[in-house]
Amino acid sequence: MPAPTKDIKVDEVLPPQINPIAAKLAGSKDPVDNAAARILTKYLDELMRVPGTDVRFGLDPILALIPAVGDTVASGAGFIILLDALRSGIPIHVFLRMALNMGINFIIGLVPGAGAFASVFFKSNSRNLRLLTEWQAGHKDKVHRSTFHFYLGLILLAAMVVGFVMVAWMVYAWLFVTAYQAVMHALGLR
């Protein structure tokens, strides 16, 4: 005989299943907690290990294999780490170092194939999380929020997004035109 189950009323609304990762991100109100940055870094840079080695990689190099779209998505997730840094009151010079890491990773990722391989070893998100936590460890009691720095950082972040999209578009347009011309030349149509 089956075990008795709780009767569910037809009009009863069941609570949604809670994603533990989303709950952790939503539950963090402390800017020094870095929950979003830690979770994103794990998924983007440290999710899997190459068997037989200590080399770890995440979704960043896998997404980099998808031309244009993959780098943009991975960089978008990396921007959340930069927003977390801004939220915690990080000074502009540390923020600029973090932005430089993102820029280098984005430029590396534009190289088809080789960019994804190089991204396994560069790990901009891990570098940025380390910069953020090291700064906070030395300045945890001095963490303050500056509205000016926050908005300046947001402006720089928006400029980076526009710049990344423009650079990606130019690189892939150039690659497409070059490939098209090579095919036309090989077919004797040019």
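Both F106 and F164 are buried, a word that here means under 20% relative accessible area, with exposed meaning over 50% and partly exposed in between (1.4 Å probe, protein chains only). The model is predicted, so that local features need pLDDT of at least 70 and side-chain atom pairs count only at pLDDT 80 or more, while totals for chains, interfaces and linings use all residues. Residues are numbered from 1 along each chain as its sequence is written, and side-chain values use heavy atoms, with hydrogens and water left out.

F106 and F164 form a stacked aromatic pair, 4.2 Å centre to centre with 0° between the planes. Rings of Phe, Tyr and Trp (its six-membered ring) pair if their centres lie within 6.5 Å; planes under 30 degrees apart count as stacked, over 60 as edge-to-face and the rest as tilted. F106 lies in helix α5 and F164 in helix α8, 58 residues apart, and the pair thus links distant parts of the chain. Together with F79, these two residues form one aromatic cluster.

The whole structure contains three aromatic pairs. Because F117 and F121 are four residues apart in helix α6, about one helical turn separates them. F117 counts as exposed, because its relative accessibility is 57%.

The overall architecture may now be considered. The protein chain has eight helices and two strands, arranged along the sequence in the pattern α-α-β-β-α-α-α-α-α-α. Helices (H or I, at least four residues) and strands (E, at least two) are DSSP runs, numbered from the N terminus. Of the 190 residues in the protein chain, 35% are buried. Contact means heavy atoms within 4.5 Å; among contacts between residues at least 6 apart in sequence, 64% join residues at least 24 apart.

How do two of these helices pack? Helix α5 (residues 92-109) and helix α6 (residues 114-122) meet at an angle of about 150°, and their axes are 8 Å apart. Axes are lines fitted to C-alpha atoms, for helices over the stretch in contact, and angles run from 0 to 180 degrees between N-to-C directions. The two helices, α5 and α6, are therefore roughly antiparallel to each other, since angles over 145 degrees receive that name, those under 35 count as roughly parallel, those from 65 to 115 as roughly perpendicular and the rest as oblique. On the α5 side the contact is made by N101, I104, N105, I108 and G109, and on the α6 side by G115, A118, S119 and F122.

The interior provides a further view. A nonpolar core is a set of buried Ala, Val, Leu, Ile, Met, Phe, Trp, Tyr and Cys residues joined through side-chain atoms within 4.5 Å. The largest such core has 26 residues, of which F79, L82, I90, M98 and M160 touch the most other members. Two or more residues come from each of α2 (35-45), α4 (69-87), α5, α7 (124-139) and α8 (147-186).

Residues up to four places away in sequence aside, L82 touches F95, M98, A99, M102, N128, L157 and M160. One of these, N128, is found in helix α7 and counts as buried, at 0% relative accessibility. With neighbours within four places left aside, N128 is in contact with I81, L82, R97, M98, N101 and M102.

Finally, G163 is found in helix α8 and is partly exposed, with a relative accessible area of 26%. The C-alpha atoms of G163 and G103 are separated by 9.5 Å, although the two residues are 60 apart along the chain.
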